[in-house]
Protein chains: 2
Amino acid sequence: MKTAINPTRRENFSEWYQQVIIQAELAENSPVRGCMVIRPWAYGIWENMQRELDQRLKDSGHENAYFPLLIPLSFLQKEAEHVDGFAKECAVVTHHRLEQALDGKLVPAGQLDEPLIIRPTSETLIGASLSRWVQSYRDLPLLINQWANVLRWEMRPRLFLRTSEFLWQEGHTVHATSDEAMKETINIVDTYENFVIDYLSLSVTKGIKCSWERFPGAVDTYTIEAMMQDGKALQAGTSHFLGQNFAKASDIHFINKKGIKELAWTTSWGVSTRLIGAMIMTHGDDNGMMLPPLVAPIQVIIVPIIHSEQDADDIYAFCDKLRKQISRKKLKGQNIRVKIDKRDVNGGEKKWYHIKRGVPIRIEIGKKELEQDLVSYSCRNNVKEIIKIDTSVFLKSLIKILQSIQVNMFNNAKNRMLENTITVTTIEEFRQIFKEKNAINKFVLAPFVDDERVKEAISEYSVSVRCIPFVQPKTEATCLFTGKHTKTWALYAKSY
Amino acid sequence: MKTAINPTRRENFSEWYQQVIIQAELAENSPVRGCMVIRPWAYGIWENMQRELDQRLKDSGHENAYFPLLIPLSFLQKEAEHVDGFAKECAVVTHHRLEQALDGKLVPAGQLDEPLIIRPTSETLIGASLSRWVQSYRDLPLLINQWANVLRWEMRPRLFLRTSEFLWQEGHTVHATSDEAMKETINIVDTYENFVIDYLSLSVTKGIKCSWERFPGAVDTYTIEAMMQDGKALQAGTSHFLGQNFAKASDIHFINKKGIKELAWTTSWGVSTRLIGAMIMTHGDDNGMMLPPLVAPIQVIIVPIIHSEQDADDIYAFCDKLRKQISRKKLKGQNIRVKIDKRDVNGGEKKWYHIKRGVPIRIEIGKKELEQDLVSYSCRNNVKEIIKIDTSVFLKSLIKILQSIQVNMFNNAKNRMLENTITVTTIEEFRQIFKEKNAINKFVLAPFVDDERVKEAISEYSVSVRCIPFVQPKTEATCLFTGKHTKTWALYAKSY
């Protein structure tokens with residue numbers, strides 16, 4: 001059977017991914033290497049993600065603010081590990097105007113005394129504000145979030161997954177005690193987990209990063225790791241317990257109830273437009289994108305099928321009535337997002353346009369539907385099946401259909417992860433799994449000791465330690481690479 | 001009477017403005033000169049503005065997208081007037097990493113082949129995408145908007161009004177004909193006018209910019225000019241008819257219905273966080289910020305007044321019940337935003353905290369209110385008056401109270417503008433108005449000819465031509481500065 005996307009996932013997963021992005025009009029490369037243009041369809045997805053996650057963060061007491069794009073070099077240097085971690089990928093502003101050179105060309109002028117870095121993340125800059133805003137225990141906890149663009153110069157860019165500029169939210173919180181900061185760190189990784197499961201139908205493994213995979217400057221980094229259809233891992237969100245490292249660097253102190261000055265405890269955490277890439281690689285098929293209904297910019301598309309001009313008015317009127325009826329229905333408190341595709345292109349072209357973009361439900365309305373008061377619809381997760389049903393019955397069952405698409409997509413993702421996660425206790429098994437060419441890569445759960453020898457040993461397999469999962473096997477075993485006995489198991493995988 | 005803000009508006013308007021921003025915790029300067037930190041209270045205002053304007057733009061068919069932060073110098077140069085207009089205020093990225101110099105210091109490294117400019121506006125970069133997206137007349141009109149940060153290096157920064165980095169929306173549209181593009185340009189300036197009137201209670205004069213006040217590269221710029229309490233003008237939003245200038249620069253062509261390739265017509269338009277500054281200077285008083293209810297992050301604040309610990313639980317329970325009742329009411333389709341201030345600070349401090357921030361309605365609940373089932377409330381636009389009223393009556397009238405605050409604030413702004421707009425036909429009057437020190441500056445409506453001699457002549461008064469208003473006096477007169485006879489009248493004013 002001919003598919004809309006060439007190559008197929010099986011033929012070339014990586015090229016399939018690029019093609020889905022092009023065909024679904026999600027994004028394109030910009031003239032600046034590594035930066036992307038997020039087209040309206042993908043930006044609509046991002047807006048839906050933002051609205052939902054933003055509400056969840058607000059419901060748990062977080063407030064949004066906005067901090068400057070540019071960070072003085074001296075600020076970035078306040079935390080030594082932090083600047084080391086980002087130095088190789090910083091875009092540096094050195095001048096503040098352009099002037100005409102003798103040859104008439106425009107050249108940078110007005111050199112700055114101190115170079116400015118475009119934020120790769122904002123701990124050091126936001127820390128300066130937090131240190132002013134926090135004076136007393138009464139000001140704590142201070143729970144700030146910002147939605148912003150950040151930039152990390154990327155040598156091997158990939159749309160949504162690794163772009164020099166990307167959009168994200170970054171939370172920054174200050175607490176009176178270590179316990180409270182740790183609780184916040186965990187609450188956030190839980191919030192991320194629930195959000196990507198409920199809303200994006202992703203399946204993830206939640207855990208803690210090993211020492212060499214931590215955020216630069218953090219004491220601990222918590223993560224959710226999603227499995228893509230090729231069995232590779234994608235880090236979908238991280239939450240960092242920063243201990244007192246950044247409080248020290250930014251001088252964030254408070255007067256406690258006893259009147260004594262104390263150093264505060266901080267956290268930071270973020271998710272980004274990379275989640276759009278995660279959805280493509282989790283849900284997409286050989287016909288393009290497939291969107292979970294809750295996050296789809298259009299949940300139901302109505303395609304009028306007009307074979308004769310004399311039917312046009314009646315068919316449009318029928319579509320319009322249907323659109324109004326659908327738009328009054330609600331899914332999770334939001335009116336259904338429904339549109340009629342009235343463009344001046346043929347029905348077949350329209351059909352594939354919406355399939356490739358992943359619209360959950362596509363309705364076709366022609367003369368027959370009009371005459372018999374029917375709806376012919378097809379769900380994106382089963383494009384071959386076209387269901388003809390009385391309009392009134394369709395309207396009654398619409399919400400259930402959308403809910404079941406949402407749940408089915410999650411179940412598929414979850415089952416795929418369960419089927420492809422393997423427990424391993426010998427180096428031979430480990431080698432076999434990662435050296436062989438598999439149709440689907442595996443998540444490997446194996447004994448682990450936090451020792452740099454492990455990092456070295458696994459690099460030959462192009463494998464990394466994704467996390468030490470919260471849910472652990474209850475057995476002891478021997479670390480494959482150090483021979484040490486351990487109760488700890490880690491998730492090893494190839495990754496994006 | 002003691003006021004919360006010192007100095008008062010009369011004593012020093014400019015310093016009063018800075019103090020309101022500090023005391024209302026709206027924003028602060030950042031370590032990077034000219035860049036600001038937008039604190040949660042002001043960011044909450046911005047989020048409300050965004051939600052409302054975004055919906056209006058979507059309702060008129062615009063879609064959001066996101067384009068890169070960085071613009072290659074060669075792109076900016078595609079439109080000659082445009083690059084001239086922005087060259088003096090461009091932040092330039094020249095390197096993409098940091099490395100350690102011999103003395104151990106971190107220095108910029110990895111010099112770029114071509115300098116990159118942080119977008120001061122995005123016509124040239126977005127044009128490159130639009131030129132790919134537009135192929136046929138079927139693709140038109142193409143109506144794109146983006147919410148983004150932009151950067152224009154500012155030598156004399158002022159919080160919200162003139163900051164190097166600011167947040168805005170920038171719309172970019174492509175049309176098949178000049179008429180359609182012009183219609184869009186006008187529709188947008190009308191949308192801006194309605195938005196700032198209905199939602200922000202600002203009073204504005206709508207018009208067209210004269211030749212030397214146009215956006216660099218535009219054929220025509222339309223504007224709304226608001227009057228601040230000191231009688232100065234503030235440009236609150238602009239909409240540009242770009243003709244075919246940028247279509248030519250970015251090669252935006254389409255195949256028309258006859259199969260012939262044509263050059264397209266474009267527009268661009270924007271409003272920014274400067275609108276927050278406009279609200280402070282329009283509505284603020286000597287006690288701080290005053291917020292129109294529709295845009296206030298908190299519309300009703302409940303302050304428990306606890307004199308004796310034994311009443312605390314009952315008072316809190318009363319407040320909580322009241323909060324729930326209020327939050328079920330709706331203003332323009334949105335639930336009322338209401339909070340209880342439970343902070344561990346005294347009642348007087350809380351009261352002034354919310355007055356300074358401009359919360360429209362403040363309720364105090366103490367033992368008496370509890371016992372008599374009363375609400376004691378005060379409206380921000382009349383802080384001296386405290387009204388005691390049965391809870392049930394208050395709940396019934398709440399929406400009307402909020403609506404009347406919104407309308408009163410607009411009427412005040414409008415009356416101020418009417419009272420301080422003067423029609424002038426002689427240079428003597430003009431001189432008198434702008435040379436004398438007035439408590440409130442004036443908007444002067446005077447005959448106008450679009451001639452650079454006017455620009456020169458008025459510069460000695462530190463006055464600029466704000467616009468040629470849509471609503472014109474129906475008389476002819478003589479231009480004050482060229483002596484030419486004209487039917488056209490312009491609005492002259494001092495401005496921010």
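1. Helices and strands are taken here as DSSP runs, a helix having at least four residues and a strand at least two. The model is a predicted one, and the percentages that follow should be read with that in view. Over residues 45–292 of chain A the chain is 30% helix and 34% strand, with the end C-alpha atoms of that stretch 10 Å apart. These residues are the ones that an unreviewed UniProt entry annotates as "domain: Aminoacyl-transfer RNA synthetases class-II family profile".

2. In chain B, helix H2 (residues 40–59) and helix H8 (residues 274–283) have axes that come within 10 Å and cross at roughly 110 degrees. Angles of 65 to 115 degrees count as roughly perpendicular, and H2(B) is therefore described as roughly perpendicular to H8(B). On the H2(B) side the contact is made by B:Ala42, B:Ile45, B:Trp46 and B:Met49, which meet B:Leu275, B:Ile276 and B:Met279 of H8(B). By residue class, this contact of H2(B) with H8(B) comprises seven nonpolar residues, with no polar and no charged ones.

3. The closest N and O atoms of B:Asp198 and B:Arg56 are 3.2 Å apart. B:Asp198 has a relative accessibility of 33% and counts as partly exposed.

4. Across all chains, a search of the whole structure finds 47 salt bridges.

5. In chain A, A:Glu369 forms a salt bridge with A:Lys388, the closest N and O atoms being 3.3 Å apart. Because A:Glu369 belongs to helix H11 (residues 367–372) and A:Lys388 to strand S21 (residues 387–390), the pair ties together parts of chain A that are 19 residues apart in sequence. Is each partner buried or partly exposed? A:Glu369 is buried, at a relative accessible area of 7%, whereas A:Lys388, at 46%, counts as partly exposed.

6. A further salt bridge in chain A joins the side chains of A:Glu99 and A:Arg97, at 2.9 Å from N to O. A:Glu99 is partly exposed, with a relative accessible area of 38%, and A:Arg97 likewise counts as partly exposed, at 28% relative accessibility.

Terms used
Residues numbered from 1 in each chain as written. Chains lettered and ligands numbered in written order. Predicted model: local features only at pLDDT ≥ 70, side-chain atom pairs only at ≥ 80, totals over all residues. Heavy atoms only, no water. Axes fitted to C-alpha atoms, helices over the stretch in contact; angles between N-to-C directions. Parallel < 35°, antiparallel > 145°, perpendicular 65-115°, else oblique. Contact = heavy atoms within 4.5 Å. Nonpolar A, V, L, I, M, F, W, Y, C, P; charged D, E, K, R; others polar. UniProt positions renumbered as here; feature names shortened; annotations may be inferred. Salt bridge = Lys/Arg side-chain N within 4 Å of Asp/Glu carboxyl O. Buried < 20%, exposed > 50% of the residue type's maximum accessible area, 1.4 Å probe, protein only.
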